Amino acid sequence: MGAVPSTPRHTSTTTETAEYLIGTFVGEKSFPLASDFWQKLLELPLTLGWAPHRVRQACQLFAQNNRHTRHLAKILIHLSWCLQEAIQTSGAPSPVYMKAVNAVYISSVFLKYIIENSQSETIGDLRLSLNENEPVPKDFVADQSIENLVMYNVLTFIGSIDVSPTTSLLHQELLNFMLVTMSTQLLSGPSPGPKDVNPFIDAAMSQESLLVSLVVRRLLLNYIMRPRVPSSSAASYSIFSEESQPGVLQRVGSAAASIVLLPFNYWVSSNGEGSRNQLADCGLHVLLILIHYHKCVVSDESITDRSDDSATSDSVSKVNTYFIANPYSKALENARDIEFDRLDVEGNAQNGPAVRLPFASLFDTLGMCLADETAVLLLYSLVQGNSDFLEYVLVRTDLDTLLMPILETLYNASRRTSNQIYMLLIILLILSQDSSFNASVHKMILPGVPWYKEHLLHQTSLGSLMVIILIRTVQYNLSKLRDVYLHTTCLATLANMAPHVHRLSAYASQRLVSLFYMLSRKYNKLVELRDDKLQTKAISTGDGLVEDMSAELQIYTDFLRIVLEILNAILTYALPRNPEVVYAIMHRQEVFHPFKNHPRFTELLENIYNVLDFFNSRMDAQRLDGEWSVEKVLLFIINNCRSWRGEGMKMFTQLHFSYEQESHPEEFFIPYVWQLLLSRCGFSFNASAINLFPVDLQADKQIYSGGEPNANQSGELNEHEVQLDP
């Protein structure tokens, strides 16, 4: 067996016994389920430190021999039994917890290696079944799939057992195990198809609704409460020893990149009270993977005859396929506030058990964590899918708890990922669909905005700050990202807010007019480029470059029209309340002149010039001692706003933009969640095996020459490791 011993030493020390048991586990001999070997393996305090190359060799040997030993299936069965026993003895310290931790950790290490090194589309090397001649104990249900058995018990423990110093380590390792089992998604392409093989996720999806609700509730409660694990709790298990010779599995966790999980170093480190909470963050990743999973299956019936509401017209557009409803997504969508349940008042029946959560605590926690992209994804999932939570957010009087971190993140867009920017903008768009929200943000006055450096913002409204940041985001997009969707989302949010604008600040008003000027410069530049191409070359009408320019020109024409409609909405519905907007338009009225006769803008500009004529004529008629100062002009506008009646203004239908999720959101969210997981959580994966999203392969081989490796390193043995920018 080479570096992994295969023969017992009858006078063995604990270290030698551990060597023997691990060597036997990965070796050629198959042990039946009822053998006392399994109890010895799971009860042994593993304090042996192995060199990284031996860890890799053990995994390689296990993957080879598992085809006939079926030891992976057997340890998963024993893991299930350990969890059943742990659930029955919950609350009291018991050796069963150590057995369960050992079982789940050993399972995770070798299962992960097989998954990421699988050469088969069916992941057949898992061998999730017993041999036909395998003797099984009386209490084992032979016809139950092993993946369903283990997922039922893992989810039952997570959902029903509270996190405590006694149970926290097992909770953490079960979440790690969940991530390992669900990593089969990394082997599939970005678009879910009927040939994708995700046995453990499918087993999780098949659980009863009550268990699903318990799991969703527990993961969210852990995220809210962010339980800390005292370092003393880890000391009870020698596997977590901080001695110079760490446990063999601890060494596996921190040194072998191809089979690494979240190292136990976190739990026993001296500074474990860091800003991040491993249990909460890991649980949120598990939840995000679960709620965005979509299983694509081949239909056995006519698509036109399907009445399943989970199969939308778009989702069945692919021939003979449809998506099965996701129970975790539905549980999150149906979550209710623990303090108030609309159904109790209205007397409507609930479809299945409802997840009851403290919305107030969830709201506050999200406000504290929105700098993290996973928190943004959770907030998006809630406001987009859960009408009760969205309603709760909209009636909060302290909207700045959520909006200020969102706006600060957008302010620092250059240091954020484009996906994070998109998600935040969509959240603002969803919120802006509500008129009460648009009115509320203008009533909340901020004493200052210390992180905004370009201008002193003193006693400005939250609504004015939103306008400023959205316009700044458009400006950033013009120079950096040049993404049409980002422009559209920003302008749509501003358009929703426009009729409800109240006392927009001077700086926000100036920026709003400047937005029109910025877009007009881009528009004029495109016109010049198009005209130059047409004049200097004999180009046919089908020329691709000219067509592209014309298409982009049309896009910016639409953008300019939306900005004019935003200004019109303010002037039509809220002019008396916004003298600063009138001042900004008067101050830079020349920016509108070039477009006065543009067919797309004529009617809208007529309204703007109607306002300009009203105030300009009165200003010209008023005798004034000395020059017009800014203060005098503004006072003049305020006084004349009282006599404004809106005569001659054309009334346009108010713009109202709403967000509608795409028909196949999983094609965006599943790769996005996994990229975040790989870049943030110390979870590495064989990059050459990843098909879910494009990966740049980068060699990063590091060799240890003894001693404990740095806990922050996670790429020691894998020659091709995923390198993702957070």
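Me: How near do the axes of helix α13 and α29 come, and at roughly what angle do they cross?

Reply: Good place to start! This is a predicted model, and a helix pair can be read from two values, the approach of the axes and the angle between their N-to-C directions. Here the axes of α13 (residues 278–291) and α29 come within 9 Å and cross at roughly 160°.

Me: Is that pair roughly parallel or roughly antiparallel?

Reply: Angles over 145 degrees count as roughly antiparallel, so α13 is roughly antiparallel to α29. The crossing of these two helices is left-handed.

Me: Which residues make the contact between α13 and α29?

Reply: From α13 come H285, L288 and I289, and from α29 come V673, W674, L676 and L677. Sorted by class, the residues of this contact are six nonpolar, one polar and no charged.

Me: Now for another helix. At roughly what angle do the axes of α17 and α29 cross?

Reply: Helix α17 covers residues 373–385 and α29 covers residues 666–680; their axes cross at roughly 150° and come within 10 Å. That makes α17 roughly antiparallel to α29. The crossing of α17 and α29 is left-handed.

Me: Which residues of α17 and α29 meet?

Reply: On the α17 side you will find E373, T374, L377 and Y380, and they meet F669, Y672, V673, L676 and R680 in α29. By class, this contact has six nonpolar, one polar and two charged residues.

Me: Let's turn to single residues. Is N66 buried or exposed?

Reply: The idea is to look at relative accessible area, where under 20% means buried. N66 has 0% relative accessibility, so this residue counts as buried. You can find N66 in helix α3 (residues 52–69).

Me: What is N66 in contact with, leaving aside its neighbours within four places in sequence?

Reply: Its contacts are H71, L72, I114, D125, L126 and R127.

Me: And what is the relative accessible area of T572?

Reply: T572 has a value of 22%, so this residue is partly exposed. T572 belongs to helix α25, which spans residues 544–574.

Me: Which backbone oxygen does the side chain of T572 reach?

Reply: The side chain of T572 reaches the backbone oxygen of N568, at 2.7 Å.

Me: How many residues apart in sequence are T572 and M649?

Reply: Sequence and space are separate things to check. T572 and M649 are 77 residues apart in sequence, while their C-alpha atoms are 7.2 Å apart in space. Leaving aside neighbours within four places in sequence, T572 is in contact with M649, M651 and N607.

Definitions and conventions:
Residues are numbered from 1 along each chain as its sequence is written. This is a predicted model: local features need pLDDT of at least 70, side-chain atom pairs count only at pLDDT 80 or more; totals for chains, interfaces and linings use all residues. Side-chain values use heavy atoms; hydrogens and water are left out. Axes are lines fitted to C-alpha atoms, for helices over the stretch in contact, and angles run from 0 to 180 degrees between N-to-C directions. Helices (H or I, at least four residues) and strands (E, at least two) are DSSP runs, numbered from the N terminus. Angles under 35 degrees count as roughly parallel, over 145 as roughly antiparallel, 65 to 115 as roughly perpendicular and the rest as oblique. A crossing is left-handed if the near helix is turned anticlockwise from the far one by less than a right angle, and right-handed if clockwise. Contact means heavy atoms within 4.5 Å. Ala, Val, Leu, Ile, Met, Phe, Trp, Tyr, Cys and Pro count as nonpolar, Asp, Glu, Lys and Arg as charged, and the others, Gly among them, as polar. Buried means under 20% relative accessible area, exposed over 50%, partly exposed in between (1.4 Å probe, protein chains only). A polar contact is a pair of N or O atoms within 3.5 Å; within protein, one must be able to donate a hydrogen and the other to accept it, and residues adjacent in sequence count only if both atoms are side-chain atoms.
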